[in-house]
Amino acid sequence: MNPDQQSDRRLRDAMQYTSDAFGPHRPDLVRRAAARGRRLRLVRRVQIGTAAAAVAGAAALGASQLPLRAAPAPPAAVTTAPTATPTATAAPTPTRSPSAAPPVGGPRTGPVSAQLAEFLPPGSTTRVLSTGSFEDGRLATSAGGTSVADGQVLYDDGKGRASVAVKVMDTPQSTSRSCEQAVKPLFCDVLPDGTVVKAEKLSLVNGQVAWVVTATRPDLRRVEAAAFNTDQLPVTAANRPTRAEPPLTIDQLQGIALSPHWNR
């Protein structure tokens, strides 16, 4: 027997041995396999159902043991404030207040020229003229029915002698207390308390200059403070300047006119 025949013989014997090990063919093999598969699937479904029921029971038990909590409040509604529509407004009228607190002055009795002298800066003063009477806030009524008092002082601050004057009067009810003027002043303001303050720089004859501040209070008392660059009063065409400008500034005159010294 050649080698090829021997190899075929060994292969046939091995296959025969394997076939004998499986035993004879059984005709119900397929039916039994299908029945076994159904049993396995049924067992698997039962196991899955049991596990799911256990999980659900544990969840219910845990939930029953948890403390009750209030339902979270809904978030507050966010509201946006309406944007105001800008409107055009008129610019406020500037008010020129005194640069410093108005001086009080001295005693409110005696000649008005003496009372005026108490307001002047250091320098030499000569009390020149007083008319009318101003005593402790009261004005004497003249024969003509007016209430006026004034005083004039010659004052020298070392730069030349000049004149300073003050006039106090009680004006009638018809007096206008506004800044409407026929001739535009240096400035005119209505202060918060209703006092009307007007300032003027007047050019007079022969180079004479007068700076005047007038304050009209709400009670219609008017105080006029003035300074001149001449030492002659009253001013006439024949007068001549004694200096380039008056000896007091507009602010100083405003302080005199607004001083509570002249109040009622």
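Visitor: What makes up this chain?
Guide: The chain has 4 helices and 9 strands. Helices here are DSSP runs of H or I with at least four residues, strands are runs of E with at least two, and both are numbered from the N terminus. Starting at that end, the elements go α-α-α-β-β-β-β-β-β-β-β-β-α. Keep in mind that this is a predicted model, where local features need pLDDT of at least 70, side-chain atom pairs count only at pLDDT 80 or more, and totals for chains, interfaces and linings use all residues. Residues are numbered from 1 along each chain as its sequence is written, and side-chain values use heavy atoms, with hydrogens and water left out.

Visitor: Why is Ser-259 called buried?
Guide: Buried means under 20% relative accessible area, exposed means over 50%, and partly exposed is in between, with a 1.4 Å probe and protein chains only. Ser-259 has 0% relative accessibility, so it counts as buried. You'll find Ser-259 in the segment after helix 4.

Visitor: What is Ser-259 in contact with?
Guide: Setting aside neighbours within four places in sequence, Ser-259 is in contact with Pro-102, Pro-103, Val-104, Phe-119 and Arg-217. Contact means heavy atoms within 4.5 Å.

Visitor: Why is Gly-105 called partly exposed?
Guide: Gly-105 comes out at 35% relative accessibility, so it counts as partly exposed. Gly-105 sits in the loop between helix 2 (29-65) and helix 3 (112-117).

Visitor: Which residues does Gly-105 touch, leaving aside its neighbours within four places in sequence?
Guide: Those contacts are Glu-118, Phe-119 and His-261. Take Glu-118: it is 13 residues from Gly-105 in sequence, with the two 5.4 Å apart in space, C-alpha to C-alpha.

Visitor: How do you know that strand 1 and strand 4 pair?
Guide: Two strands pair if DSSP finds at least two bridges between them. Strand 1 and strand 4 (residues 148-156) have 7 bridges, in the antiparallel sense, so by that definition they pair. On this stretch, Thr-131 stands opposite Asp-150 in strand 4.

Visitor: What is the order of the strands in the open sheet?
Guide: The 7 strands of this open sheet come in the order 1-4-5-9-8-7-6, with antiparallel pairing.

Visitor: What makes strand 1 and strand 6 edge strands?
Guide: Strand 1 (124-131) and strand 6 (187-190) each pair on one side only. Neighbouring strands of the sheet are turned by 15° against each other on average, direction ignored.

Visitor: And what packs on the sheet?
Guide: Helix 4 (residues 250-258) does, touching strand 6, strand 7 (196-203), strand 8 (209-216) and strand 9 (221-228). The direction of helix 4 makes about 35° with that of strand 8; axes are lines fitted to C-alpha atoms, for helices over the stretch in contact, and angles run from 0 to 180 degrees between N-to-C directions.

Visitor: Why is helix 4 called mostly covered?
Guide: Count the residues: 7 of the 9 in helix 4 are buried. Among them are Ile-250, Leu-253 and Gln-254. What covers the buried residues includes helix 3, strand 6, strand 7, strand 8 and strand 9.

Visitor: Why is strand 9 called largely enclosed?
Guide: Strand 9 has 6 of its 8 residues buried, so the rest of the structure largely encloses it. Strand 5 (residues 161-170) runs antiparallel to strand 9, joined by 7 bridges, and Met-169 has Arg-222 in strand 9 as its bridge partner. Strand 8 also pairs with strand 9 in the antiparallel sense, over 7 bridges, and there Ala-210 has Phe-228 as its partner.
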